[in-house]
Amino acid sequence: MSHGPRTGLAAVSTALLAMSRHLEVRDVLKTIVASARELLGAQYAALGVPDDHGGFAQFVVDGVSEEQWKAIGPLPRQHGILAAMLHEPGPQRLADVRRDPRFEGWPTAHPELADFLGLPIRDGDEVIGALYLANKDCPKPDGGCGFTEDDEELLGILAQHAAIALTNARLYERSRELTIAEERSRLAHELHDAVSQKLFSLRLTAQAAARLVDRDPARAKGELQQVAALAAEAADELRAAVVELRPAALDEDGLVATLRTQVQVLDRAHCARVTFTAHGVRALPAAQEEALLRVAQEALHNALRHSGAKLVAVTLERRGSGAVLRIGDDGIGFDPRLVRRAGRHLGLVSMRDRASGVGGGLTVQSAPGEGTVIEMEVPGG
């Protein structure tokens with residue numbers, strides 16, 4: 001018995017440290033659920049975050065396979081025993097949830113639950129979520145619940161820290177949303193100032209060419225050449241702006257699929273050959289995937305716009321629990337010793353900042369006439 005509290009405290013400490021490592025809300029929710037299930041020895045665990053329409057904005061489960069979860073169907077509503085956690089102040093500990101008068105059944109593919117422990121997650125007076133555990137892995141007393149008062153107390157500690165972690169993650173995401181909004185506003189101004197001016201010049205030049213076609217074909221030809229040059233410059237400005245935007249596909253498809261799609265688009269849009277290969281890459285935390293994508297976009301933009309490369313190769317490989325991104329080209333290269341000028345010209349400072357911001361590192365290998373290789377490594381989550 002004397003070893004129990006120490007073992008329990010060590011497990012709680014591990015769970016809290018795991019929660020503090022994540023900033024994305026979805027990652028925090030998954031960590032809370034997995035920690036609660038492991039800490040209390042339950043077969044199933046879930047965490048629901050309520051929306052404003054009588055349902056759950058998010059509902060994360062642990063102990064249920066992806067196939068089972070898809071078969072279960074839509075997110076649950078805030079009814080029955082699930083609602084109790086969101087509207088009643090204390091924990092709910094039941095010997096058999098199916099015999100509770102509030103029980104309203106579940107979908108056909110849903111696993112069978114018996115003993116049950118639920119607890120709200122509170123931020124002050126506001127309930128921001130609820131933890132649910134079921135099927136304690138232990139001998140059950142006749143007609144009794146496997147979950148104990150000690151389990152309630154332990155889950156209460158976890159829920160308090162979960163509230164802090166979840167609130168911090170929401171603040172972080174809100175801050176990032178504001179940053180993205182500011183960045184989009186900046187890009188809108190840049191597009192207006194740069195691209196719209198070039199398009200206006202293109203329009204005037206095209207009109208001048210049209211007037212000269214009959215009386216001075218040679219001058220008209222010169223004007224049309226200027227139209228082509230202005231159109232190319234406008235296209236470059238658009239590419240430079242679009243490449244800075246985080247595509248929604250990153251959230252939906254993941255980093256590998258998003259990079260592959262962007263490389264295919266660039267390969268079609270440029271004379272240079274652009275290739276992409278990936279080896280054994282696992283899903284990474286959202287912040288790391290975005291940082292890798294941003295660096296890839298910046299490096300690709302540099303290679304295609306400034307290096308004169310005929311081939312640009314992008315590779316993404318697993319390294320330990322993390323990943324390594326490599327962008328190599330056979331272009332004109334530069335002298336890395338001239339880091340101040342090159343760093344400013346090629347955005348190396350911002351790329352290094354992105355890498356260090358997610359606990360990674362960035363290296364650059366280049367020489368005049370020998371191309372450039374940019375490599376970014378990030379640790380696992």
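Modeller: Let's begin with a pair of residues: Leu119 stands opposite Leu131 in strand S5. Keep in mind that this is a predicted model. Strand S4 covers residues 116-123, and S5 covers residues 126-136. These two strands run antiparallel and are joined by 8 bridges.

Now step back to the whole sheet. It is an open sheet of 5 strands with antiparallel pairing, and the order across it is S2-S1-S5-S4-S3. S2 (56-62) and S3 are the edge strands; each has a single partner strand, so one side of each is left without a neighbour in the sheet. From one strand to the next, the twist averages 15°.

Next, the helices. Helix H2, residues 25-40, lies across S1 (42-50), S2, S4 and S5, and runs at about 40° to S2. Helix H4, residues 80-87, also packs on the sheet, where H4 touches S1, S2, S3, S4 and S5. The direction of H4 makes about 135° with that of S5.

Finally, have a look at Asp115, which sits in the loop between S3 (92-94) and S4. Is Asp115 buried or exposed? Its relative accessibility is 2%, and buried means under 20%, so Asp115 counts as buried. Among the residues that Asp115 touches are Leu94, Leu133, Lys136 and Phe147. Gly146 is another residue in contact with Asp115, and the backbone nitrogen of Gly146 lies 3.2 Å from a polar atom of the Asp115 side chain.

Methods:
Residues numbered from 1 in each chain as written. Predicted model: local features only at pLDDT ≥ 70, side-chain atom pairs only at ≥ 80, totals over all residues. Heavy atoms only, no water. Helix = DSSP H or I, 4+ residues; strand = E, 2+ residues; numbered from the N terminus. Buried < 20%, exposed > 50% of the residue type's maximum accessible area, 1.4 Å probe, protein only. Polar contact = N/O pair within 3.5 Å; in protein donor to acceptor, adjacent residues only side chain to side chain. Contact = heavy atoms within 4.5 Å. Pairing = 2+ DSSP bridges. Axes fitted to C-alpha atoms, helices over the stretch in contact; angles between N-to-C directions. Lists of a residue's contacts leave out its neighbours within four places in sequence.
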